[in-house]
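Biologist: I would like a close look at a single part of this model. Please take it piece by piece.

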Amino acid sequence: MAEDALPDPRQPDMRDRVYNLFRNSQRPGLLCAVPEERPVPEFLVEEKWEFERCLRPSDPSPPGFHARAAAAGVRFNGFYLFYLLA
């Protein structure tokens with residue numbers, strides 16, 4: 001798949017890239033996923049965000065993370081914001 005191409009909607013919700021996950025310290029359910037090959041957005045370097053972990057294609061997705069939505073978010077914004085679901 002091209003770097004920013006949207007996945008085929010008929011395919012399962014699979015990730016094909018590594019994301020760096022950042023958690024908002026004021027709203028712990030809010031996360032930002034940034035592809036490993038992309039620069040970290042400036043708003044994430046503030047003290048309100050903390051690096052959480054790497055999310056590899058073989059790792060289970062956190063509740064609320066959707067690969068197709070992430071691909072679209074990265075394509076248009078360079079990152080993907082999502083909320084953890086209980």
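How many of the six residues of strand 1 (residues 19–24) are buried? Please go on from there to what surrounds this strand.

Modeller: First, the ground rules. This is a predicted model, in which local features need pLDDT of at least 70 and side-chain atom pairs count only at pLDDT 80 or more, while totals for chains, interfaces and linings use all residues. Residues are numbered from 1 along each chain as its sequence is written, and side-chain values use heavy atoms, with hydrogens and water left out.

Five of the six residues of strand 1 are buried, so the strand is mostly covered. Buried means under 20% relative accessible area, exposed means over 50%, and partly exposed lies in between (1.4 Å probe, protein chains only). Strands and helices are DSSP runs numbered from the N terminus: E with at least two residues for strands, H or I with at least four for helices.

Now the pairing. Strands of a sheet pair through backbone hydrogen bonds, either parallel or antiparallel. Here two strands count as paired if DSSP finds at least two bridges between them. Strand 1 and strand 2 (residues 30–35) run antiparallel and are joined by five bridges. A hairpin of five residues leads from strand 1 to strand 2. Across this pairing, Phe22 stands opposite Cys32. Strand 1 also runs antiparallel to strand 3 (residues 49–55), with six bridges between them. There, Tyr19 has Leu55 as its bridge partner.

Next, the packing. A nonpolar core is a set of buried Ala, Val, Leu, Ile, Met, Phe, Trp, Tyr and Cys residues joined through side-chain atoms within 4.5 Å. The largest one has eleven residues, including Tyr19 and Leu21, together with Leu31, Ala33, Leu55 and Val74. Strand 1, strand 2, helix 1 (67–77) and strand 4 (80–83) each supply at least two of its residues. Helix 1 gives the most, with three. Apart from this core lies another of seven residues, among them Leu30, Cys32, Leu44 and Trp49.

Contact means heavy atoms within 4.5 Å. Not counting residues up to four places away in sequence, Tyr19 touches residues including Ala33, Pro35, Arg53, Leu55, Phe65, Ala70 and Val74. Rings of Phe, Tyr and Trp (its six-membered ring) pair if their centres lie within 6.5 Å; planes under 30 degrees apart count as stacked, over 60 as edge-to-face, and the rest as tilted.

The whole structure holds seven aromatic pairs. In one of them, the rings of Phe43 and Trp49 have centres 5.8 Å apart and planes at 75 degrees, so the pair is edge-to-face. Trp49 is buried at 12% relative accessible area, whereas Phe43, at 28%, is partly exposed. Tyr80 and Phe82 are stacked, because their ring centres are 5.4 Å apart and their planes stand at 15 degrees. Tyr80 is buried, at 8% relative accessibility. Phe82 is buried too, at 4%.

Last, the charges. A salt bridge is a side-chain nitrogen of Lys or Arg within 4 Å of a carboxyl oxygen of Asp or Glu. That rule gives two. Arg23 bridges to Glu52, with the closest N and O atoms 2.8 Å apart. This pair links distant parts of the chain: Arg23 sits in strand 1 and Glu52 in strand 3, 29 residues apart. Arg23 is partly exposed at 22% relative accessibility, and Glu52 is partly exposed at 35%. The other salt bridge joins Glu37 and Arg17 at 3.1 Å, N to O. Glu37 lies in the loop between strand 2 and strand 3, and Arg17 in the segment before strand 1, 20 residues apart. Glu37 is partly exposed, with a relative accessible area of 43%. Arg17 counts as buried, at 11%.
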